[in-house]
Amino acid sequence: MNQIVSGFADVVVLVALFGLAIFVHELGHFLAARLCGMVVEVFSIGFGPAIWSKKIKGVLYKISWFPIGGYVALPQLDPAGMEAVQGKEAGDKQTAEPGQTSGETTAYPPVALWKKIVVSIAGPLGNVILAVILAWVIYFASTGDEIEKGSTVVGYVATNSAAYELGMRPGDTITAVNGRPVSSWIEYRTECHLTAKSTSITLTVASPAAGTQTMVLATQKDAESGISLVEGVDRTSLCVIAAVLPGAPADRAGFKPKDVVISCNGNQVASRDHFIALVADGVGKEISISVDRQGKSIDLSVTPQFNKERNRAVIGVEVSDRLKTQGAQWMEYKDPWDQLKGDARAIGRILKALTSRTEASQAAGALGGPVMIMMTLWISIQTSLLNALGFIRFLCVNLAILNLLPLPVLDGGHVVFALWEMITRRKPHPKFVNILVYTFACLLLTAVILLTFRDFKLVTRFFKHRAAQVEQTNAAAALTPTNGVGTLETNTPAAGPEQQETK
C-alpha cells in the first residue's frame with residue numbers, strides 16, 4: 001500500500017513539475033500580450049482535445065490530452081502558424097469589429113512590431129525567470145551533498161581494457177577529448193559520444209605518477225544509455241564502508257559502517273576500485289586512511305593483512321560505490337550562476353554539434369523526445385526532490401534556448417519576421433510565410449513522432465538492462481558465502497551500493 005501511495009505521489013509531482021515548466025512559458029506570452037493590448041483567444045497547456053476548458057472574458061482556457069507543450073493563440077501575431085500546429089480551433093476568430101469582418105473570421109487591427117517581439121520573447125523569458133528561481137532554491141536548500149562537483153577524475157579502469165594497457169589508472173584526470181578541454185564527467189561523456197563516428201578518439205590524461213600523456217582509444221556503445229564511451233573507464237564516486245568484519249584490522253582500527261573514505265596514504269580516493277588498489281599496495285605496513293563520518297573528518301591507521309584467497313592485502317571491510325545524484329549534469333554546481341551557465345553550455349554544445357558534418361548524426365542520436373523527458377524527470381524525482389528541481393531548471397533553460405532559434409513556428413521565427421519588416425519596411429509575402437510555417441510545422445511534428453518512437457525503444461532497453469543487472473546481482477548474492485566474509489569478484493565497475501567488495 002505504501003508503494004502505491006508513493007508511486008501516486010511521484011506521478012503527481014512529475015505532472016506538476018513538468019506542467020510548471022510549460023505553464024510559465026505560456027504565461028509569459030499571455031501576460032505580455034495582455035500588457036501590449038493584443039487579442040488572446042486560447043490559453044492551453046498541452047495539445048489536442050481538451051480534458052478541461054472554460055471561457056473567461058473571451059479567452060478559452062484549457063488543459064489538453066497531450067502534455068508535450070502548450071500554446072497561447074494570438075491571431076495578431078501568427079494565425080497561420082497557430083492553425084498549422086494547433087488546429088482550426090485556435091485559428092478561428094471569435095469576435096468581430098465593425099467593418100472588419102470577412103466571412104467567418106475577423107481581421108484584427110495590426111500591432112506594432114516591437115510588441116510582437118516583446119510577446120515572442122516573453123515566453124522564453126518566463127522559463128529563464130523560473131530557472132533562476134530554481135537555481136537559487138537549490139543554492140539555499142542544498143547542503144552540498146547533493147551536488148556532483150565538476151570533475152574528470154577517473155575512478156575505475158578495467159584491468160583487461162585498452163586504457164589500462166596504455167597506462168590509465170584510477171586517480172588520473174582526463175583533461176581533453178580530441179583536443180577539446182573537458183571539466184566534468186558529463187562533458188567527457190558528451191565529447192566521447194559526439195566524436196564516436198571516428199574509429200577512435202584521443203584522450204589527454206594527467207597522471208600523478210606518469211605526468212600528462214595522450215591515448216588513442218576506441219569507443220563502444222553503452223548498453224544502458226545508448227551513447228558511445230571508452231570501454232572499461234568510469235567516473236570517480238564515493239567509496240562507502242558498507243560493513244566492517246568483526247575482529248578484522250579495520251574493526252580494531254575503529255572503522256564504522258557508512259564511513260566515506262576520503263584518502264589513503266595521502267592519495268585522494270576516487271572510487272571503490274581505487275581504494276582496493278591503494279590498500280593492496282600497503283600489505284604488512286601501517287597505512288593512514290581518512291574517512292568522513294557524518295560530516296566530520298576522522299584519521300585512522302590500519303595494517304592490511306595479505307589474503308591468500310584474494311591474493312592481495314585486505315583490512316576487513318565491505319565497500320561500495322555511490323554517486324550522489326546518479327551523475328546528473330544538472331546537479332554539478334551549487335552557485336546559481338554556475339548552474340545556469342552549465343545548462344546553457346551543455347545545450348549549446350549539442351546545438352553546435354547538430355550543425356557539424358562529422359558530429360550531427362551522433363548529436364541527433366543523443367536527443368530525447370517527450371517520453372525520455374518524462375522518464376528522466378521521474379528518475380530525478382526518485383533520487384530527490386532537489387534533483388528533480390535541478391532537472392526542471394535545466395529543462396527551462398533548454399526550452400528558452402530552443403524557442404529562440406530563428407525557425408518559423410518557434411518564438412525566434414516571429415522575432416525574425418518582425419525584424420525583417422522593421423529593416424526592409426515591408427512585410428514578408430503571406431504565401432512565403434505560410435509555406436515556411438507549414439513546412440516547419442510538419443518537420444517539427446515529424447521530429448516529435450520519430451523521437452517518441454525512439455524513446456520507447458530506449459526506455460524498453462533501459463528497463464531490460466536494469467532487469468538483467470538485478471538478476472545478476474541476485475545470482476551473485478546466492479553464491480556469496482553465508483558468513484558475509486566474501487563476495488564474487490568482477491571486472492565491471494560498481495553501479496551502486498548493491499555491488500560490494502570485501503577488503
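A: In this predicted model, K258 has a relative accessibility of 71% and therefore counts as exposed, since the cut-off for that word is over 50%. K258 belongs to the loop that runs between α7 (249-253) and β14 (260-264), and its phi is near 80°, a positive value in a residue that is not glycine. Most residues other than glycine have a negative phi. R425 also has a positive phi, near 65°, and is likewise not a glycine. R425 is placed in the loop between α13 (411-424) and α14 (430-479), and with a relative accessible area of 76% it is exposed.

The chain has 503 residues, of which 44% count as buried, and of its contacts with a separation of 6 or more, 65% are accounted for by residues 24 or more positions apart.

A pair of rings is described by the distance of the centres and the angle of the planes. With centres within 6.5 Å taken as the rule for a pair, the count comes to twelve aromatic pairs. In one of them, the ring centres of F47 and Y71 lie 5.7 Å apart with the planes at 20°, so the pair is stacked. F47 is part of strand β1 (residues 42-56) and Y71 of strand β2 (residues 59-73), and the pair links distant parts of the chain, 24 residues apart. Y71 has a relative accessible area of 4% and is buried.

The rings of W330 and F391 meet at another angle: their centres are 4.9 Å apart and their planes stand at 65°, so this pair is edge-to-face. Because W330 lies in the loop between β20 (317-322) and α9 (336-354), while F391 lies in helix α12 (residues 385-403), the pair ties together parts that are 61 residues apart in sequence. Both W330 and F391 are buried.

S380 has its place in helix α11 (residues 370-383), and with a relative accessibility of 2% it counts as buried. Once its neighbours within four places in sequence are left aside, S380 is in contact with W330, N387, A388 and F391.

The crossing in which α9 passes α12 is right-handed. On the α9 side the contact is made by Q339, L340, D343, A344, A346, I347 and L351, and on the α12 side by R393, F394, V397, N398, I401 and L402.

Elsewhere, ring pairs join F23, F30, F43 and Y61 into a cluster. Charged side chains also sit over rings: the charged end of R169 is over the ring of Y164, 3.5 Å from its centre, and the charged end of K334 is over the ring of Y139, 5.3 Å from its centre.

Conventions
Residues are numbered from 1 along each chain as its sequence is written. This is a predicted model: local features need pLDDT of at least 70, side-chain atom pairs count only at pLDDT 80 or more; totals for chains, interfaces and linings use all residues. Side-chain values use heavy atoms; hydrogens and water are left out. Rings of Phe, Tyr and Trp (its six-membered ring) pair if their centres lie within 6.5 Å; planes under 30 degrees apart count as stacked, over 60 as edge-to-face and the rest as tilted. Helices (H or I, at least four residues) and strands (E, at least two) are DSSP runs, numbered from the N terminus. Buried means under 20% relative accessible area, exposed over 50%, partly exposed in between (1.4 Å probe, protein chains only). A charge sits over a ring if NZ of Lys or CZ of Arg is within 6 Å of the ring centre and within 35 degrees of the ring normal. A crossing is left-handed if the near helix is turned anticlockwise from the far one by less than a right angle, and right-handed if clockwise. Contact means heavy atoms within 4.5 Å.
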